[in-house]
Amino acid sequence: MRMLPVLATVMLAALSAASASPQAVAKTCKDAISAKARSAAQLSDASRERRARENAIANWKRRVRDTYGWSYSFWSKAAESEVKCGGGASGKQCTVTARPCRLW
């Protein structure tokens, strides 16, 4: 009969440990990097801008990978990301700037 209270205490401790929140994961970030791209394809303005933005982000990823390594090259993990696009009827251009980060 003495085993029941001990078993209950052990189970309660195990449940408490399992439900405890994990420690916050701190990001490690580097200095901001910028990249540009331009699209003059014979498409609509929206399509040209989308292509320029996607190509600028791809250029940013390459620059970050070459500078800091693969683990920093994810746009979705970057901090302080900024996208600026402009241009006229002949083409669109975009500049992206962000601080590359990794979670470990």
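Select strands S2 and S4 (residues 91-99) to begin: they pair in the antiparallel sense over 7 bridges. Helices (H or I, at least four residues) and strands (E, at least two) are DSSP runs numbered from the N terminus, and two strands pair if DSSP finds at least two bridges between them. This is a predicted model, in which local features need pLDDT of at least 70 and side-chain atom pairs count only at pLDDT 80 or more, while totals for chains, interfaces and linings use all residues. Residues are numbered from 1 along each chain as its sequence is written, and side-chain values use heavy atoms, with hydrogens and water left out.

Pick Ser34 next; its bridge partner in S4 is Thr97.

Now show the whole open sheet, 3 strands in the order S2-S4-S3 with antiparallel pairing. S2 (33-39) and S3 (79-88) stand at the edges with a single partner strand each, so one side of each has no neighbour in the sheet.

Move on to Trp60 and Trp75, an edge-to-face aromatic pair with 5.0 Å centre to centre and 85 degrees between the planes. Rings of Phe, Tyr and Trp (its six-membered ring) pair if their centres lie within 6.5 Å; planes under 30 degrees apart count as stacked, over 60 as edge-to-face and the rest as tilted. Trp60 lies in H2 and Trp75 in the loop between H2 and S3, so the pair ties together parts 15 residues apart in sequence. Both Trp60 and Trp75 are buried (under 20% relative accessible area, with exposed over 50% and partly exposed in between; 1.4 Å probe, protein chains only).

Finish at Trp70, which counts as exposed at 55% relative accessibility.
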